[in-house]
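Q: I have the sequence and the structure open. Can we go through it?

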Amino acid sequence: GFGLFSDVADIRVMVLDVNENPEISDSTSHSVAENIIGPYTVASVDVTDEDTKHGENDLQFKLVPSEEFEISKTGNIQIKKGISLNFQARNSYNVMVSVTDSSGLISQQKRVITVVDTNDHPLILKQIRSVQENSLKGDVVGLPLDVIDEDAPSQMLKFRITKQQNNGAFSIVEKTGQILV
């Protein structure tokens with residue numbers, strides 16, 4: 001004690017458990033190659049919740065906006081079924097991950113999903129070209145072929161004839177797609 005007029009006693013202090021928000025990991029940036037058709041897992045959201053009992057998972061996941069993506073019950077961010085991302089149309093997406101625990105406490109985190117460019121196949125449109133009979137070898141047959149390539153102009157297209165009814169009747173300029181007699 002502190003002298004004649006003091007006393008000593010054991011005092012018990014009880015620390016009461018308070019529900020804390022679930023904690024979302026710091027990984028906020030993800031990437032995925034373009035042209036992958038969903039469902040496809042892009043990332044996993046790692047969450048810890050001190051108040052969740054071992055083996056139980058009372059966490060609910062939500063993803064906003066979610067036109068292209070969805071989040072599973074276990075926290076996997078996925079491209080939705082039948083959806084394909086195109087780098088040339090949009091090269092990144094911002095989504096908000098929301099995690100709610102069994103007591104209703106919410107944690108949120110912004111995630112950026114970057115679409116990685118891959119080499120897209122060129123698309124040759126159906127076309128008709130005409131040439132007059134008795135044309136000479138080397139004469140031009142209409143306009144050059146119309147081709148769509150999302151990766152143009154960063155790539156050079158090469159043309160070749162793989163099959164024709166009369167072998168050797170026509171040729172094509174490799175760099176331009178111009179058909180010749």
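Q: Where is N134?
A: N134 lies in the loop between β10 and β11. Strands here are DSSP runs (E, at least two residues), numbered from the N terminus.

Q: What sort of model is this, and how are residues numbered?
A: This is a predicted model: local features need pLDDT of at least 70, side-chain atom pairs count only at pLDDT 80 or more, and totals for chains, interfaces and linings use all residues. Residues are numbered from 1 along each chain as its sequence is written, and side-chain values use heavy atoms, with hydrogens and water left out.

Q: Back to N134. What is its phi?
A: Phi of N134 is near 65°, a positive value in a residue other than glycine.

Q: Why would anyone flag that?
A: Because most residues other than glycine have a negative phi.

Q: Is N134 buried or exposed?
A: Exposed, with a relative accessible area of 72%. The cut-offs: buried is under 20%, exposed is over 50%, partly exposed is in between (1.4 Å probe, protein chains only).

Q: Where are the cis peptide bonds?
A: One joins G38 and P39, with omega about 10°. P39 is in the loop between β2 (29-33) and β3. Another runs from V64 to P65, with omega near -15°. P65 is in the loop between β5 and β6.

Q: New topic. Which residues touch the most other members of the largest nonpolar core?
A: F69, I77, V97 and I113, out of 19 residues in that core. A nonpolar core is a set of buried Ala, Val, Leu, Ile, Met, Phe, Trp, Tyr and Cys residues joined through side-chain atoms within 4.5 Å.

Q: Which element gives the most to this core?
A: β8, with four residues.

Q: And what does V97 touch?
A: Leaving out residues up to four places away in sequence, its contacts include I24, V45, L63, I71 and I77. Contact means heavy atoms within 4.5 Å.

Q: What is in the second core?
A: It is separate and has five residues, among them V141, F159, I172 and I179.

Q: How do β8 and β9 pair?
A: They run antiparallel, joined by nine bridges. Two strands count as paired if DSSP finds at least two bridges between them. S92 stands opposite T114 in β9. The hairpin has five residues between the strands, and G104 there has a positive phi near 95°.

Q: How many bridges join β5 to β8?
A: Five, again antiparallel. F61 stands opposite V99 in β8.

Q: What about V112?
A: V112 is in strand β9. It is partly exposed, with a relative accessible area of 27%. Beyond its neighbours within four places in sequence, V112 is in contact with T28, S29, H30, Y93 and N94.

Q: And F87?
A: F87 is in the loop between β7 and β8. Its relative accessible area is 26%, so F87 is partly exposed. The C-alpha atoms of F87 and N35 are separated by 8.3 Å, with the two residues 52 apart along the chain. Not counting residues up to four places away in sequence, F87 touches E34, V115, V116 and D117.
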